[in-house]
Amino acid sequence: MTDQRSVAIWRDGVAVAVPAEEPVVTAADQGLVRGDGAFESVAVIDGATPHLADHLARLVRSAALLEIPHPGDGVWRALVDAVLAEWPTGTEGVVRLLLTRGPGGGAPPTALALLAPVPAETLRQRSTGVSVVSLSLGVPADFRSRAPWLLGGAKTLSYAVNMAAYRHAARLGADDVVLTSLEGQLLEGPTSTVAWAADGTLHTPPLDTGILAGTTVARLFERADAAGWPTARTAGTVDDLHAADAVWLLSGVRGAAPVHTLDGVRRGDAGLTVRVRELLAG
């Protein structure tokens with residue numbers, strides 16, 4: 001990864017490109033002070049963002065759940081255009097769209113975009129797969145759907161727990177995490193959606209568990225269904241992953257990362273990762 005970054009912020013009705021080292025929010029911004037905001041991470045491929053619309057739709061939902069005024073898709077598209085203006089076409093990147101409540105006191109929300117190259121570790125995991133540990137989130141599977149204050153289904157800036165899960169996994173010698181409910185039902189990864197293949201069907205956990213609606217798994221399932229590969233929203237367990245033909249962690253930038261080790265147990269993918277990647281690339 002290089003030091004190349006590109007930043008733009010919405011100011012006075014226009015997207016303004018600023019030097020990457022220039023401060024763009026105040027110390028009172030509620031996104032900084034309280035993690036009160038939402039974000040999206042969008043893949044930049046060949047100088048374009050082919051899946052931007054899916055991420056913008058999810059950002060609208062996150063803003064509504066957080067009760068933050070949404071500035072409109074036109075703002076985000078202008079910010080993306082601003083950070084991509086001088087981006088080298090051959091550099092794969094990730095643009096993060098960040099929306100915060102702003103500094104308060106009647107001030108408008110903060111909207112900004114940050115573009116950077118995809119980290120080398122992300123590329124490695126995409127290519128070679130990941131080792132994963134299962135960790136409990138500590139809530140019942142059906143609780144977040146009945147507790148709107150927990151912001152189930154919103155992609156918020158409050159990622160301290162997610163990052164703590166990653167650090168714990170690293171101490172255990174793993175790359176990533178599959179989170180489970182209090183009773184052991186599969187949920188999601190800290191920054192990914194879990195999917196598995198079993199009995200000729202692609203599976204992923206149901207959204208009524210409060211997990212994030214993954215844009216990558218949605219695209220995969222739509223294309224799999226069209227290609228005759230059945231899909232299902234399934235209330236699975238870690239045992240189901242161990243018994244599966246293949247397991248993946250799906251995300252917009254990393255793509256489909258096959259799980260080669262789960263809770264210390266090595267596993268294969270039955271040659272299905274190639275098929276999944278072909279569907280996502282189609």
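**Exercise 1. How many cavities of 30 Å³ or more does a search of the whole structure find, and which residues line the largest cavity?**

Solution.
Step 1. The search of the whole structure gives 1 cavity of 30 Å³ or more. A cavity is defined on a 1 Å grid over the protein atoms alone, as a set of points where a 1.4 Å probe fits but cannot get out. Grid points are joined across faces, edges and corners, and a volume is the space filled by probe spheres set on the points. This is a predicted model, in which local features need pLDDT of at least 70 and side-chain atom pairs count only at pLDDT 80 or more, while totals for chains, interfaces and linings use all residues. Residues are numbered from 1 along each chain as its sequence is written, and side-chain values use heavy atoms, with hydrogens and water left out.

Step 2. The largest cavity holds about 40 Å³ of space. Its lining consists of Val42, Ala43, His51, His55, Thr215, Thr216, Arg219 and Gly252; a lining residue has an atom within 4 Å of a point.

Step 3. β3 (37-44) and α6 (215-226) are the elements that give two or more residues to this lining. Helices (H or I, at least four residues) and strands (E, at least two) are DSSP runs, numbered from the N terminus. α6 gives the most, with 3 residues.

Step 4. By class, the lining of the largest cavity has 2 nonpolar, 5 polar and 1 charged residues. Ala, Val, Leu, Ile, Met, Phe, Trp, Tyr, Cys and Pro count as nonpolar, Asp, Glu, Lys and Arg as charged, and the others, Gly among them, as polar.

**Exercise 2. Which elements each supply at least two residues of the lining of the second largest pocket?**

Solution.
Step 1. The second largest pocket contains about 380 Å³ of space. A pocket is an open set of points with protein on both sides within 12 Å along at least five of seven lines.

Step 2. Of its 23 lining residues, Ile45, Arg219, Gly252, Gly255 and Leu280 lie nearest the centre. Arg219 and Gly252 are also among the residues that line the largest cavity.

Step 3. The elements asked for are β3, α6, β12 (255-262) and α8. The largest share, 3 residues, comes from α8.

Step 4. The lining divides into 8 nonpolar, 9 polar and 6 charged residues.

**Exercise 3. Which residues of helix α8 (residues 273-281) are buried?**

Solution.
Step 1. Thr273, Val276, Leu279 and Leu280 are buried, where buried means under 20% relative accessible area and exposed over 50%, with a 1.4 Å probe and protein chains only.

Step 2. These buried residues line one face of the helix, because seen down the axis of α8 they fall within an arc of 125 degrees. The arc is that of the directions from the helix axis to the C-beta atoms.

Step 3. Val274, Glu278 and Ala281, on the other side of α8, are exposed.

**Exercise 4. Which strands pair with β9, and in which sense?**

Solution.
Step 1. Two strands pair if DSSP finds at least two bridges between them. β8 (residues 193-198) pairs with β9 in the antiparallel sense over 3 bridges, and Ala197 stands opposite Leu202 in β9.

Step 2. The hairpin of β8 and β9 has 2 residues between the strands, and Asp199 takes a positive phi near 55 degrees there.

Step 3. With β10 (residues 231-233), β9 pairs in the parallel sense over 3 bridges; Thr204 stands opposite Arg233 in β10.
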